[in-house]
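These are my notes from one sitting with the model. I put the look-ups down in the order in which I made them.

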Amino acid sequence: MTLKPITMPKWGLAMQEGTLVKWAVAEGQAIKAGQEIADIETSKIANVFESPVEGVLARLVAKDGDLLPVGALLGVVAEAKTPSVDVDAYIAEFQANFKTEGPAKDDGPQPQIIEAGGKKLRYLVMGDGDATPILLIHGYGADLGAWMFNQGALAESRKVYALDLPGHGNSVKDVGDGTPVVLAKDVVALLDALSIAKAHLVGHSLGGAIATLIAHQHPDRVTALTLVAPWGLGTEISSAFIDGYLAETRPKKLRPVLEMLVANPEQVTGDMVEDVLKAKRLDGAVESLGKIARNLAVADRQPGSVRELLAAIKCPVQVLWGEADRILPASQSGGLPSAVKVTRFPGAGHIVHMEKAAEITAAISNLA
């Protein structure tokens, strides 16, 4: 007789606990692996939790609203008609042996600083293996933590790198003129510094434009290209988001700006708002972000394009986009070269890689 636990997931290195906001399934219901079964809120963002196992949900151990540590028992999945006494015994044994993970240890993967092309950049590497490495490039205003739902899963068979672009996170605040071209040179310098000869580049928004430029200029360095809601494929963009992100300094004013990133505003947490405000308080952050912003949006228009470069890129290319994107409309994925695979995701906005993490991770893995 097989009983399987459903436990509080660990999304990103910093996650130590999460709130089970609401179950989406009922006790006694048959569930499948990958099925959305609950909403969980972390210190970064609220997200749906997909079942890692399939079977009958024999017992809901955690209740709506419970704040629990990573690894805590949320529910038990069993075969049909498993006696309740067996489920009770399984839960009792699990709870008796469960120990909280505790604070992150120094011997786990931790962000590092490296000098690349004369600039100090922060990066995080996870995983090992001989498969082609993946480099994750975040969008405007984010940092390497934007890939917290994807990096660990992608790193099961290869090294996966995420970085803080110049002007972001704990990387240098020197962004030159702030153009995607300059930032692309900085990312290539990072590849050189890390001795990464070839990589699958995954770029979100601004990071998508950067990844496209690198694939076009250095075709021998890029084995595959995944563009997630990329900048530079059309003309329309929300200046309200770019300007608001840069200008707002109070949580109440910043929250509605950040809510533009997602299809469901409830996914934006108070901690997420505070994290953005803290990042903007770093010396030089607002100035460098301002330089980049001027190259991204002018009166709701993108002043540049990388769309024409896609036809010349020979490696596999895919575009992933949330249909409810309010920053860069998903319609900009239309009319691309036939070799470019386009997938749109209903019920997701601009940060689709966080809103639909499992689907995006699977798409990246399938192209790698």
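Is His 204 buried or exposed? I found His 204 buried, because its relative accessibility is 6%; buried means under 20% relative accessible area, exposed over 50%, and partly exposed in between, with a 1.4 Å probe and protein chains only.

Before going on I noted the ground rules. The model is predicted, so I kept in mind that local features need pLDDT of at least 70 and side-chain atom pairs count only at pLDDT 80 or more, while totals for chains, interfaces and linings use all residues. Residues are numbered from 1 along each chain as its sequence is written, and side-chain values use heavy atoms, with hydrogens and water left out.

I placed His 204 in strand S13 (residues 199-204); helices (H or I, at least four residues) and strands (E, at least two) are DSSP runs, numbered from the N terminus. I then listed its contacts (heavy atoms within 4.5 Å). Not counting residues up to four places away in sequence, His 204 touches Ile 137, His 138, Gly 139, Trp 147, Val 228, Ala 229, His 350, Ile 351 and His 353.

I followed the last of these. His 353 sits in helix H9 and counts as buried, at 1% relative accessibility. With neighbours within four places in sequence left aside, I have His 353 in contact with Ala 146, Trp 147, Asn 150, His 204, Val 228 and Ile 360.

**Entry: two alanines with positive phi**

Ala 229, one of the residues His 204 touches, has a positive phi of about 45° although it is not a glycine. I located Ala 229 in the loop between strand S14 (222-228) and H5, and its relative accessible area is 0%, so it is buried.

Ala 299 also has a positive phi, of about 50°, and is not a glycine either. Ala 299 belongs to the loop between H8 and S15. I noted Ala 299 as exposed, at a relative accessible area of 65%.

In that loop, between H8 and strand S15 (317-322), I also looked up Ala 311. Ala 311 is exposed, with a relative accessible area of 56%. From C-alpha to C-alpha, Ala 311 and His 216 are 9.6 Å apart in space, against 95 residues in sequence.

**Entry: the largest pocket**

I wrote down a volume of about 750 Å³ for the largest pocket. On a 1 Å grid over the protein atoms alone, a pocket is an open set of points where a 1.4 Å probe fits, with protein on both sides within 12 Å along at least five of seven lines; lining residues have an atom within 4 Å of a point. Grid points are joined across faces, edges and corners, and the volume is the space filled by probe spheres set on the points.

The lining has 42 residues, and the closest to the pocket centre are Gly 141, Ala 142, Asp 143, Tyr 245 and Val 276. Helices H5 (239-247), H7 (270-280), H8 (285-294) and H9 (352-355) are the elements that give two or more residues to this lining. H7 supplies the largest share, six residues. By type I have 24 nonpolar, eleven polar and seven charged; Ala, Val, Leu, Ile, Met, Phe, Trp, Tyr, Cys and Pro count as nonpolar, Asp, Glu, Lys and Arg as charged, and the others, Gly among them, as polar.

For H5 I listed the buried residues as Ser 239, Phe 241, Ile 242, Gly 244 and Tyr 245. Their cover includes helix H6 (251-258), H7 and H8.

**Entry: rings**

How many aromatic pairs does a search of the whole structure find? I count four; rings of Phe, Tyr and Trp (its six-membered ring) pair if their centres lie within 6.5 Å, and planes under 30 degrees apart are stacked, over 60 edge-to-face, and the rest tilted.

The pair of Tyr 123 and Tyr 161 is tilted, because the planes are at 35°, with the centres 6.4 Å apart. Tyr 123 is in strand S10 (residues 119-126) and Tyr 161 in strand S12 (residues 160-163), 38 residues apart, so I noted a link between distant parts of the chain. I have Tyr 123 as buried at 9% relative accessible area, and Tyr 161 as buried at 9%.

Ring pairs also link Tyr 140, Phe 241 and Tyr 245 into a cluster. Over the face of Tyr 245 I found Lys 280, at 5.7 Å from the ring centre; the criterion is NZ of Lys or CZ of Arg within 6 Å of the ring centre and within 35 degrees of the ring normal.
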